[in-house]
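Hi,

Here is the structure I promised to pass on to you. Please have a look at it first, and then read my notes below.

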Amino acid sequence: MCEQVQKIVDDIEADPNSVYGQYVQALKDVTLVRLVRQISQVYQTIEFPRLLELAKFADYHHLERILVDCVRHNDMQITIDHRNGCVHFGTDLSESQREDHPDGPTLQSMPSEQIRSQLVNMSVVLHRAIATINPDRKKADRERLRAQMVHQYEENADKEHQRILQRQKKIEDRKEYIERMNQEREEEELRQQEEQARMLKLAEQRRLEAENEERERKRHENELQMMKERNMKEKIEQIKQTATGQKLLKKLDEEEIRKLNTEEIAAREAEERLKERKAHDNNLKSQEKKIDYFERAKRLEEIPLIEKYLLDRSVQDKEFWEKQEASRIEAAIAERKNAEACQERLKRMLPDRDVYWQQLKNERGNQ
């Protein structure tokens, strides 16, 4: 086993950057423990030099420490005989190694394990004998235990029921709280996403507007530049057609002429725009005055007509009220006359009513 593991360790140590280098020592220790466990299944006693020969990558002190750790953790029964230079395995019958699943092949049981198995078998036989001799013992114990369980249940039934209900209510409240928190979190995330999308859309819209404004500004500047160049060329041609202009062109170079004409064209254009703006403003002011005078004239013409209409309307309303009041008075008089006639008609029934009333009183009195 150690020879096989040594090849793997050599491969790991060959690579200085290997991440498995930190596990080399632990791998060696586990291999030594497995080697000692396999030897304990085959030999009862082995010489220490032979054990060192099998453990390729362990010295005397390291192997001795491994054996001591196995004994200390109660993994195996090992006794080191320094006088004879040998190691004994599983000779103590009064102590058993811990009972767990073996991590390798098991050829035979240790003497301590055999003693433990005998004790277990003896315990099983004794319990069967007790059950055969006293069969009602378990029944009485079961009845006593059942009565105790029933009594314990009756004492704690209400409390346990309330606890279960409270626990269920807590679980439901917790679920509702978690659902509410998840819903609020989802709504908050959705709101943030919508806000972020809105901000991105607004930023993109602003960027497009800025690009459009920049593009429009550049187009306007290009148009102005082309207009200036065209006007400048036309002006130069006009100057060349005159004699004075030809003399001026001979005295001045082309750059100075271009600069002079540009300033003149810009000044004339600015003056013309200013004149048009003033004319437009004057036109608007005159129209404003005309509209104001027209509205005032309409109001002056409307006032007498409105007053006359209100006066006529008040007269009509008064006449209508008087007609309604006369009708109401006539209806009240007619209703009064009808009520008086009904009263005179009903007065004739008064004696009969008194006779019936007296008879009814006498009958009820007798009863």
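The notes below go through the core, the surface, the salt bridges and the cysteines.

A word on the basis: this is a predicted model, in which local features need pLDDT of at least 70 and side-chain atom pairs count only at pLDDT 80 or more, while totals for chains, interfaces and linings use all residues. Residues are numbered from 1 along each chain as its sequence is written, and side-chain values use heavy atoms, with hydrogens and water left out.

Let me start with the core. The largest nonpolar core has 23 residues, and the members that touch the most others are Leu32, Leu67, Ile78, Val87 and Phe89. (Such a core is a set of buried Ala, Val, Leu, Ile, Met, Phe, Trp, Tyr and Cys residues joined through side-chain atoms within 4.5 Å; buried means under 20% relative accessible area, exposed over 50%, and partly exposed in between, with a 1.4 Å probe and protein chains only.) At least two core residues come from each of α1 (2-14), α2 (24-42), α3 (48-54), α4 (60-72) and β3 (86-89), and α2 gives the largest share, with five. Helices (H or I, at least four residues) and strands (E, at least two) are DSSP runs, numbered from the N terminus. As a general point, nonpolar side chains tend to be buried together in soluble globular proteins.

Beyond its neighbours within four places in sequence, Leu32 is in contact (heavy atoms within 4.5 Å) with Cys2, Ala55, Phe57, Ala58, His62 and Ile66. His62 belongs to helix α4 and is buried, at 14% relative accessibility. Setting aside residues up to four places away in sequence, His62 touches Gln25 and Asp29 as well as Leu32.

Tyr20 sits in the loop between α1 and α2.

Now the charged pairs. There are 26 salt bridges in the structure, each a side-chain nitrogen of Lys or Arg within 4 Å of a carboxyl oxygen of Asp or Glu. One of them pairs Glu3 with Lys56 (3.7 Å, N to O). This pair links distant parts of the chain, since Glu3 is in helix α1 and Lys56 in the loop between α3 and α4, 53 residues apart. Glu3 is exposed at 52%, whereas Lys56 is partly exposed at 47%.

Another joins Glu160 and Arg163, with their closest N and O atoms 2.2 Å apart. Both are in helix α6 (residues 135-241), three residues apart, so about one helical turn separates them. Glu160 is partly exposed at 34%, and Arg163 is partly exposed at 43%.

In helix α8 (residues 254-347), Lys347 and Glu344 are also three residues apart, about one turn of the helix, and their side chains meet in a salt bridge (3.7 Å, N to O).

Cys86 is buried at 9% relative accessibility, while Cys342 is partly exposed at 29%.

Best wishes
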